[in-house]
Amino acid sequence: MAHETTSANPKVNYEYRRRKARDEMRGQVTSFAMMIFMTFIAFIIVLADFDKFYAFPILLVLAAAQVVLQLYYFMHMSHKGHGTAALFLYSGALIAFVTILTFLTIVWW
Amino acid sequence: MDMNKKYTARTWPESPEKTTLEGKNKFLGFWLFLGGETVLFATLFATYLALKDKVPSNDHYLAADMFELPLVFIMTMLLLTSSLTSVYAMYHMKNHNYQKMQTWLLITVLLGLAFLCFEIYEFNHYVHEFHHTFTSSAFGSAFYTLVGFHGAHVVIGLGWFTLLLVRNAKRGLNLYNAPKFFVASLYWHFIDVVWVFIFTVVYLMGMVG
């Protein structure tokens with residue numbers, strides 16, 4: 001097939017693929033550094049003894065940001081062909097959100 | 001397609017995990033499973049949040065009395081680093097460097113094992129120091145179910161990697177086992193995703209109040 005993607009002819013673009021993989025790996029290490037940085041901030045917020053009115057939202061945003069990095073870079077969701085994967089995961093996440101919201105609001109003893 | 005065909009770095013396809021039909025199916029099925037896992041852990045988080053610090057009498061310890069930042073910090077670093085090492089393993093898998101992939105997966109397993117040892121120490125510490133057990137309170141049941149379920153996932157992930165490494169030790173990397181390694185590494189990343197929420201929601205938010 002003339003319009004095949006690069007994967008069909010691995011021999012020709014070997015050098016290109018190597019370089020692309022190396023660049024991507026560099027991006028992975030950067031996202032790892034960011035995750036470590038966010039983890040540090042999260043622990044410092046707890047050590048600094050902030051009021052929970054401020055601490056809770058910051059901690060949750062930091063967690064969400066870390067998870068996005070993990071999903072889109074470490075788990076490659078930023079790559080092509082992850083539409084159905086995203087549909088499955090976000091459907092699960094929607095139910096997850098509603099479940100937690102429900103338990104936080106109707107369980108009161 | 002001959003699944004056991006020998007490849008070299010130059011003939012290896014760009015997305016070996018999705019080159020065969022079986023690989024494609026594994027990939028899709030596994031993401032569906034991860035969607036289900038998300039819901040599973042959500043139910044456990046919801047239960048924990050509803051029952052946090054719900055104890056029958058004043059002589060029970062609460063979350064803020066027991067949790068210690070240094071221990072959680074070490075565990076977080078171990079699991080986060082193990083996530084990066086499995087990324088390195090998949091990087092070498094895509095470059096068809098089987099030996100380096102095995103090495104990085106082995107490092108991943110060792111880091112996961114260290115995490116598990118700390119978790120066992122932690123649970124043991126709570127039981128003996130604070131009499132915080134599975135049956136001591138609703139708080140205890142919810143805590144051990146949530147964190148223990150995550151720990152069980154770590155055990156399964158470690159077993160999975162180990163079995164793959166042992167079974168494919170002499171086979172070399174081909175289109176038969178590449179999707180298997182890839183899916184196992186997805187599972188390992190998902191374990192880290194869940195841990196991010198556990199250390200945030202259970203430990204950090206538990207210590208703030």
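**Exercise 1. The interface of chain B and chain A**

Task: State how much area chain B and chain A bury between them, and which residues of chain B lose the most area to chain A.

Solution. In this predicted model, the two chains bury about 4900 Å² between them. Carbon and sulfur atoms account for 78% of that area. On the side of chain B, the residues that lose the most area to chain A are B:Arg10, B:Glu14 and B:Trp31. Together these three make up 15% of what that side buries. In terms of residues, the contact takes 55 from chain A and 54 from chain B.

**Exercise 2. Polar and charged pairs across the interface**

Task: Determine how many salt bridges and how many residue pairs in polar contact occur between chain B and chain A.

Solution. The salt bridges between the two chains number 2. In one salt bridge, the side chain of B:Glu14 meets that of A:Lys20, at 2.8 Å from N to O. B:Glu14 is also among the residues of chain B that lose the most area to chain A. For polar contacts, the rule finds 8 residue pairs across the interface, both residues being at pLDDT 80 or more.

The next step assigns the chain B side to its elements. Those that give two or more residues to the side touching chain A are helices H1 (21–51), H3 (69–94) and H6 (178–208) of chain B. H1(B) gives the most, with 16 residues. By residue class, the side of chain B that touches chain A divides into 36 nonpolar, 12 polar and 6 charged residues.

**Exercise 3. Helix H3 of chain B**

Task: Compare the span of H3(B) with the expected value, and decide why the helix is described as largely enclosed.

Solution. H3(B) consists of 26 residues. From its first C-alpha to its last it reaches 38 Å, close to the 38 Å expected at 1.5 Å a residue. Of its 26 residues, 21 are buried, so H3(B) is largely enclosed by the rest of the structure. Just after the helix, B:His96 takes a positive phi of about 55°.

**Exercise 4. Salt bridges within a helix**

Solution. The structure holds 6 salt bridges over all chains. A:Arg26 is exposed, because its relative accessible area of 52% is over 50%.

B:Lys26 counts as partly exposed at 25% relative accessibility, and B:Glu22 counts as partly exposed at 36%.

**Exercise 5. B:Lys52 and B:Asp53**

Task: Classify B:Lys52 and B:Asp53 as buried, partly exposed or exposed, and give the distance in their salt bridge.

Solution. The closest N and O atoms of this salt bridge are 3.4 Å apart. B:Lys52 has a relative accessible area of 16%; this is under 20%, so B:Lys52 is buried. B:Asp53, with a relative accessible area of 25%, is partly exposed.

Note on methods
Residues are numbered from 1 along each chain as its sequence is written. Chains are lettered from A and ligands numbered from 1 in the order in which they are written. This is a predicted model: local features need pLDDT of at least 70, side-chain atom pairs count only at pLDDT 80 or more; totals for chains, interfaces and linings use all residues. Side-chain values use heavy atoms; hydrogens and water are left out. Contact means heavy atoms within 4.5 Å. Buried area is the accessible area (1.4 Å probe) that two parts lose on being put together, summed over both. A salt bridge is a side-chain nitrogen of Lys or Arg within 4 Å of a carboxyl oxygen of Asp or Glu. A polar contact is a pair of N or O atoms within 3.5 Å; within protein, one must be able to donate a hydrogen and the other to accept it, and residues adjacent in sequence count only if both atoms are side-chain atoms. Helices (H or I, at least four residues) and strands (E, at least two) are DSSP runs, numbered from the N terminus. Ala, Val, Leu, Ile, Met, Phe, Trp, Tyr, Cys and Pro count as nonpolar, Asp, Glu, Lys and Arg as charged, and the others, Gly among them, as polar. The expected span of a helix is 1.5 Å times one less than its number of residues. Buried means under 20% relative accessible area, exposed over 50%, partly exposed in between (1.4 Å probe, protein chains only).
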